[in-house]
Amino acid sequence: MPPRLPIPSVGTAIARCLARPFSSSAPVALGPRSNTISHRLSKLDQDRGGPSRSGGGRGGDAAARMLERYKSKAEHRLREKTAQLESLKNQQVSNDYLRQMPRRWMPGDVYSPHDLSPIEMQKWRKRSLRDVDVVDALGFNPLDMYKNFTLVEHFTTPSGMINHSKLTRLRPVNQRKVAKMIRRVQGMGLYPSVHAHPEMLRDRFFPSHRGGSNA
């Protein structure tokens with residue numbers, strides 16, 4: 001029995017016989033598959049401008065891009081920091097101007113140039129808090145210290161008047177007690193009402209007699 005031809009070979013031969021009369025060009029012999037693949041790879045390398053397996057050019061481009069990205073980020077951070085410093089500086093200048101003008105103007109307020117003078121601004125300035133109250137710090141009752149002429153002199157002027165609370169820095173309660181003590185000692189005639197006590201004047205003009213020394 002004669003050997004049978006494989007079915008794909010028979011089909012391929014029949015297709016070639018049928019397609020040959022309709023083709024006007026001569027058949028071209030195809031090379032091996034490996035040659036076709038190498039040809040395509042070489043063509044791809046030529047299009048890219050370098051060998052396919054050497055990564056020197058692409059590595060240099062990546063490093064350049066990374067350096068450019070780092071520079072752009074650094075410049076962006078520098079611009080942000082400069083903007084923040086400028087904003088803080090402008091805010092400080094604005095706060096300084098507001099501190100010099102204690103009055104807060106509201107929309108619709110009518111003012112004259114005289115209202116912007118330092119004298120008028122002083123009226124709107126807040127009072128500073130008291131530093132130390134001597135009476136509270138020492139813990140004594142001023143009404144019991146009317147015989148202490150040094151204390152009385154501290155809270156009176158050279159002409160015998162009572163010092164204001166702005167000078168004494170006392171609380172209103174202690175200021176009233178000190179004023180009552182001074183009026184009491186002046187009313188009793190123990191302390192002059194027009195000048196300092198003679199003992200205070202003697203110590204001021206004759207310091208050598210201070211402390212009862214007879215030198």
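Helices here are DSSP runs of H or I with at least four residues, strands are E runs of at least two, and both are numbered from the N terminus. With that in hand: Glu-153 lies in helix H6. Hold on to Glu-153; we come back to it.

Ground rules next. This is a predicted model, where local features need pLDDT of at least 70, side-chain atom pairs count only at pLDDT 80 or more, and totals for chains, interfaces and linings use all residues. Residues are numbered from 1 along each chain as its sequence is written, and side-chain values use heavy atoms, with hydrogens and water left out.

Let's start with aromatics. A pair of aromatic rings is described by the distance of the centres and the angle of the planes. The cut-offs: rings of Phe, Tyr and Trp (its six-membered ring) pair if their centres lie within 6.5 Å, and planes under 30 degrees apart are stacked, over 60 edge-to-face, the rest tilted. The structure holds 1 aromatic pair. The ring centres of Phe-149 and Tyr-191 are 6.1 Å apart and the planes sit at 50°, so this pair is tilted. The partners are 42 residues apart: Phe-149 is in helix H6 (residues 149–154), while Tyr-191 is in the loop between helix H8 (172–187) and helix H9 (198–205).

Buried or exposed? For Tyr-191, the answer is buried, at 3% relative accessibility. Phe-149 is also buried, with a relative accessible area of 18%. The scale: buried is under 20% relative accessible area, exposed is over 50%, partly exposed is in between, with a 1.4 Å probe and protein chains only.

Now the core. A nonpolar core is a set of buried Ala, Val, Leu, Ile, Met, Phe, Trp, Tyr and Cys residues joined through side-chain atoms within 4.5 Å. The largest one has 13 residues, and Tyr-191 is among those that touch the most other members, together with Val-152, Phe-155, Val-178, Met-181 and Ile-182. H6 and H8 each supply at least two residues. H8 gives the most, with 4 residues.

What does Tyr-191 touch? Leaving out residues up to four places away in sequence, the list is Phe-149, Val-152, Glu-153, Thr-156, Val-185, Gln-186, Ala-196 and His-197. Contact here means heavy atoms within 4.5 Å.

Back to Glu-153, then. Glu-153 is partly exposed, at 23% relative accessible area. Its C-alpha atom is separated by 7.8 Å from that of His-197, 44 residues apart along the chain.

On to charges. A salt bridge is a side-chain nitrogen of Lys or Arg within 4 Å of a carboxyl oxygen of Asp or Glu. The count is 2 salt bridges. One joins Asp-133 and Arg-171 at 3.7 Å, N to O. Asp-133 lies in the loop between helix H4 (118–123) and helix H5 (134–138), and Arg-171 in the loop between helix H7 (165–168) and H8, so the bridge ties together parts 38 residues apart in sequence. Asp-133 is buried at 11%. Arg-171 is partly exposed at 37%.

The side chains of Asp-136 and Arg-171 also meet in a salt bridge, at 2.7 Å, N to O. Asp-136 is in helix H5, 35 residues from Arg-171. At 41% relative accessibility, Asp-136 is partly exposed. Shared partners join Asp-133, Asp-136 and Arg-171 into one network.
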